[in-house]
Amino acid sequence: MTRVRKTLGYISCIAVGAIAWWLVVSHIIHFHNTDHIDFNVDVYIGTNVVVGWADLTFFSYKTLLFFGTWNILFGLSSLCRWNKVRLFCCKSTVLSFSFANYCLTTVLYTVFELCSKPITFGLWDTSLSAIHNLGSNLIAHYVYFVFSLIAFLRVPASKGNVRLGLPLVALYASIYCVSVKLLGEFAYKIRWFPYVIFDLDSFAAMLNVGRGLAVFLLVLTYVVIFVGYCTVYLLFVRCKNRQSAHSAQ
């Protein structure tokens, strides 16, 4: 009975991963320009109005793809006894990276949505596409956060190399920020960014402060997010390593 339950659990992991990929691919495939957007504006923030693949610049979708891939690899390697792949998936550094991404995703997504005017969570009107967008946003940011929490708490971990993991996590965050900024400035027919922190003037307007103060606050925001992200990652690695050591006793 235990073996059957484990098998069903691994199959469920694969299904969760496949659905995660479907959510992202579906958003890209079904992209369409929103009719009410004025493309004469200098910059647009938030809702993707430029091109389907720009969805990949949202940190949320990257996080969803990482977690979906982890689920597929973990489920398949457990079923097929690919020991090296399973060992990689169960490293404390890998589990912590995935969960730290989801914590950052869910917290910042919620903050940005609650600061938006109006608050929509992706429901821009009453059309079927808007309702689909709302549902997929809630699933991607909240339902999958619960899945990632369960995976982090329940999957037994082996000790990972944090001296390698931390620089890679910091490098990932840095490359993400630089690539999103460059793409937003030069890759689309208008300047477009997924989040307000990638455009100084929009950030200043949101806070209703002068440009000088906005520069300071924006730098501070980046530092807080970056340091918080790395700190949370290290705390999660430490928790999983302690859990692993306790289980080995």
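**The largest cavity and beyond**

Modeller: Lining the largest cavity are F67, W70, L95, S98, F99, S148, A151 and F152. On a 1 Å grid over the protein atoms alone, a cavity is a set of points where a 1.4 Å probe fits but cannot get out, and lining residues have an atom within 4 Å of a point. This is a predicted model, in which local features need pLDDT of at least 70 and side-chain atom pairs count only at pLDDT 80 or more, while totals for chains, interfaces and linings use all residues. Residues are numbered from 1 along each chain as its sequence is written, and side-chain values use heavy atoms, with hydrogens and water left out.

Colleague: How much space lies in the largest cavity?

Modeller: The largest cavity holds about 40 Å³ of space. Such a volume is the space filled by probe spheres set on the grid points, which are joined across faces, edges and corners.

Colleague: Which elements each supply at least two residues of its lining?

Modeller: They are α2, α4 and α5. Helices (H or I, at least four residues) and strands (E, at least two) are DSSP runs, numbered from the N terminus.

Colleague: F67 is in that lining. Is F67 buried or exposed?

Modeller: F67 is buried, at 2% relative accessibility. Buried means under 20% relative accessible area, exposed over 50%, and partly exposed in between (1.4 Å probe, protein chains only). Y144 is likewise buried, with a relative accessible area of 2%.

Colleague: Why is the pair of F67 and Y144 called edge-to-face?

Modeller: Their ring centres are 6.3 Å apart and their planes stand at 85°, so the pair is edge-to-face. The pair links distant parts of the chain, since F67 is in helix α2 and Y144 is in helix α5 (residues 128-154), 77 residues apart. Rings of Phe, Tyr and Trp (its six-membered ring) pair if their centres lie within 6.5 Å; planes under 30 degrees apart count as stacked, over 60 as edge-to-face and the rest as tilted.

Colleague: What else does Y144 touch?

Modeller: Leaving aside neighbours within four places in sequence, Y144 is in contact (heavy atoms within 4.5 Å) with V16, I19, A20, L23, L64, F67, Y102 and I139.

Colleague: Which residues touch the most other members of the largest nonpolar core?

Modeller: Of its 55 residues, these are L64, W70, F74, Y144, W192 and Y229. The largest share, eight residues, comes from α4. A nonpolar core is a set of buried Ala, Val, Leu, Ile, Met, Phe, Trp, Tyr and Cys residues joined through side-chain atoms within 4.5 Å.

Colleague: Let us change topic. What sits over the ring of F152?

Modeller: The charged end of K240 does, 5.2 Å from the ring centre. The rule asks for NZ of Lys or CZ of Arg within 6 Å of the ring centre and within 35 degrees of the ring normal.

Colleague: And W21, where is that found?

Modeller: W21 is found in helix α1 and is partly exposed, with a relative accessible area of 37%. Apart from neighbours within four places in sequence, W21 is in contact with L65, G68, T69 and I72. The C-alpha atoms of W21 and G68 are separated by 6.2 Å, although the two residues are 47 residues apart along the chain.

Note on methods:
On a 1 Å grid over the protein atoms alone, a cavity is a set of points where a 1.4 Å probe fits but cannot get out, and a pocket is an open set with protein on both sides within 12 Å along at least five of seven lines; lining residues have an atom within 4 Å of a point.
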